[in-house]
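Below are my notes, in the order I looked things up.

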Amino acid sequence: NISSPDLAQLIQQKANNSVPHLIFLIGGAYGVSEAIMQRAGFTWSLSKLVFPHMLVRLLLSEQVYRACSINANEKYHHD
């Protein structure tokens, strides 16, 4: 797991290093294959619970929005 400020810092570090794209891959109920895990630069678990794919897309979108808001010094997150 990762906190919202930590996610914001990770995204900012990628931007500072001129990473042109961030790719978020949502695994299934049993995660992803070992081959994908080995290629990933970072892995992140939203929860140990199993959620419907569409709900995870919404949660991911909200967390990325929150991280970008933190990086923009907007009053969106909880301190």
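I began with Ser4, which is in helix α1, residues 4-16. Helices here are DSSP runs of H or I of at least four residues, strands are runs of E of at least two, and both are numbered from the N terminus. I noted that Ser4 has a relative accessible area of 17% and is buried. For burial I used these cut-offs: buried is under 20% relative accessible area, exposed is over 50%, and partly exposed is in between, with a 1.4 Å probe and protein chains only. I then listed what Ser4 touches: Gln63, Arg66 and Ile70, leaving out residues up to four places away in sequence. A contact here means heavy atoms within 4.5 Å.

Before going on, I wrote down the ground rules. This is a predicted model, in which local features need pLDDT of at least 70 and side-chain atom pairs count only at pLDDT 80 or more, while totals for chains, interfaces and linings use all residues. Residues are numbered from 1 along each chain as its sequence is written, and side-chain values use heavy atoms, with hydrogens and water left out.

**Arg66 and its partner**

Which residue forms a salt bridge with Arg66? I found Glu62, with the closest N and O atoms 3.0 Å apart. The cut-off for a salt bridge is a side-chain nitrogen of Lys or Arg within 4 Å of a carboxyl oxygen of Asp or Glu. Side chains of opposite charge can pair when their charged atoms come close. Glu62 and Arg66 are four residues apart in helix α3, which means that about one helical turn separates them. I checked accessibility for both. Arg66 counts as buried at 17%. Glu62 counts as partly exposed at 23%. The structure holds one salt bridge.

The chain has 6 positive and 5 negative side chains. Lys and Arg count as positive, Asp and Glu as negative, and His and the chain ends are not counted. The centres of the two sets lie 6 Å apart. Each charge is placed at NZ of Lys, CZ of Arg, CG of Asp or CD of Glu.

**Leu10**

I went back to helix α1 for Leu10. Is Leu10 buried or exposed? Leu10 is buried, at a relative accessible area of 19%.

Which residues does Ile26 contact, leaving aside neighbours within four places in sequence? I found His53, Val56, Arg57 and Leu60. His53 is 27 residues from Ile26 along the chain, and the C-alpha atoms of the pair are separated by 7.7 Å.

Ser18 is also in the loop between α1 and α2. Ser18 is not a glycine, although its phi is positive, at about 55°. I noted Ser18 as exposed, at 58% relative accessibility.

Ser33 came next. Ser33 counts as partly exposed at 37% relative accessibility. I took its distance to Ile2: 31 residues in sequence, and 21 Å in space from C-alpha to C-alpha.

**Asn73**

Asn73 is in the segment after α3. Phi of Asn73 is near 60°, a positive value in a residue other than glycine. I noted Asn73 as exposed, with a relative accessible area of 70%.

**A nonpolar patch**

Which residues make the nonpolar surface patch of about 510 Å²? I listed Leu46, Leu49, Phe51, Leu55, Leu58 and Leu59. Patches take residues with over 30% relative accessible area and no salt bridge; nonpolar side chains (Val, Leu, Ile, Met, Phe, Trp, Tyr) are joined within 5 Å, and like charges within 9 Å. I checked one member, Leu59. Leu59 is in helix α3, residues 53-71. Leu59 is partly exposed, at a relative accessible area of 33%.

**The whole chain**

I closed with the totals. The chain has three helices and zero strands. Along the sequence the pattern reads α-α-α. The C-alpha atoms fill a box of roughly 35 × 25 × 20 Å along the principal axes. Of the 79 residues, 14% count as buried. Among contacts between residues at least 6 apart in sequence, 60% join residues at least 24 apart. The accessible surface of the chain is about 6,500 Å², and 55% of this belongs to carbon and sulfur atoms. These areas come from the Shrake-Rupley method with a 1.4 Å probe, and for residues only the protein chains shown count as cover.
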